[in-house]
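Have a look at the picture, then read on.

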Amino acid sequence: MAEECIFCKIIAGELPGEIVDSDERTVAFMDINPATPGHALVVPRAHSTDLMDIADEDLEATIVAARRLARRIEAALDPDGFNILNACRPAAWQTVFHFHLHVIPRYEDDPLKLPWIPRGAEEGQIAAVAEKIRAAGA
């Protein structure tokens, strides 16, 4: 447990949280600033800062728990779809530094909009970036 981590404190029962699912590796609880009705978070019990820090086993358990939660939300609220979102680091809007997945039910008439508008890119630019990514994995 990270001493000042709000999510670690919810997991430990030191702070209140509307827990809706849990298992030996993960806990899911309602987001206190929901984007839509039913918006919840899934976190690993073990503290990890972000996507770059989380252990593979905890990452796997967290995404499986997110799907389990989405199925539960679907049965309870009958949304039209879902977004599963992770923010990694401040530039990507991460504000709580304990890895987590947002499970956001979507409704045809909800006001939530994606933060970007697809605009495309030149084929050569895409290919150049792809080459850099391939080279970094070699």
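## Ground rules

Helices here are DSSP runs of H or I with at least four residues, strands are runs of E with at least two, and both are numbered from the N terminus. By that count the protein chain has 3 helices and 5 strands. Walk along from the N terminus and the order is α-β-β-β-α-β-β-α.

Keep in mind that this is a predicted model, where local features need pLDDT of at least 70 and side-chain atom pairs count only at pLDDT 80 or more, while totals for chains, interfaces and linings use all residues. Residues are numbered from 1 along each chain as its sequence is written, and side-chain values use heavy atoms, with hydrogens and water left out.

## The whole chain

Along its principal axes, the C-alpha trace spans about 50 × 40 × 25 Å. Of the 138 residues in the protein chain, 33% are buried; buried means under 20% relative accessible area, exposed means over 50%, and partly exposed is in between (1.4 Å probe, protein chains only). The accessible surface comes to about 9100 Å², and carbon and sulfur atoms supply 56% of that. These areas come from the Shrake-Rupley method with a 1.4 Å probe, and for residues only the protein chains shown count as cover.

What about contacts, meaning heavy atoms within 4.5 Å? Among those with a separation of 6 or more, 55% are between residues 24 or more positions apart.

## An aromatic pair

Rings of Phe, Tyr and Trp (its six-membered ring) pair if their centres lie within 6.5 Å; planes under 30 degrees apart count as stacked, over 60 as edge-to-face, and the rest as tilted. How many aromatic pairs does a search of the whole structure find? The search turns up 1. The partners are Phe7 and Phe29, with ring centres 5.3 Å apart and planes at 70 degrees, so this one is edge-to-face.

Phe7 belongs to helix α1 (residues 6-11) and Phe29 to strand β2 (residues 26-30), so the pair ties together parts that are 22 residues apart in sequence. Both Phe7 and Phe29 are buried.

## A helix in the open

Helix α3 covers residues 123-136, 14 residues in total, and reaches 20 Å from its first C-alpha to its last. That is close to the 20 Å expected at 1.5 Å a residue, where the expected span is 1.5 Å times one less than the number of residues. Is α3 mostly buried or in the open? The number of buried residues among its 14 is 0, so α3 lies largely in the open.

## Two buried loop residues

Thr36 sits in the loop between β2 and β3 (40-44), yet Thr36 is buried, with a relative accessible area of 4%. Leaving aside neighbours within four places in sequence, Thr36 is in contact with Ile104, Pro105, Arg106, Tyr107, Asp110 and Leu112.

Gln94 is in the loop between β4 (81-85) and β5 (101-106) and counts as buried at 4% relative accessibility. Not counting residues up to four places away in sequence, Gln94 touches Thr49, Asp50, Ala87, Cys88 and Arg89.

## Two positive phi angles

Most residues other than glycine have a negative phi. Asp78, in the loop between α2 (56-77) and β4, has a positive phi near 50 degrees. Asp78 is exposed, at 60% relative accessibility.

Trp93 also has a positive phi, about 80 degrees, although it is not a glycine. Trp93 lies in the loop between β4 and β5 and is exposed, with a relative accessible area of 57%.

Terms used. Contact = heavy atoms within 4.5 Å.
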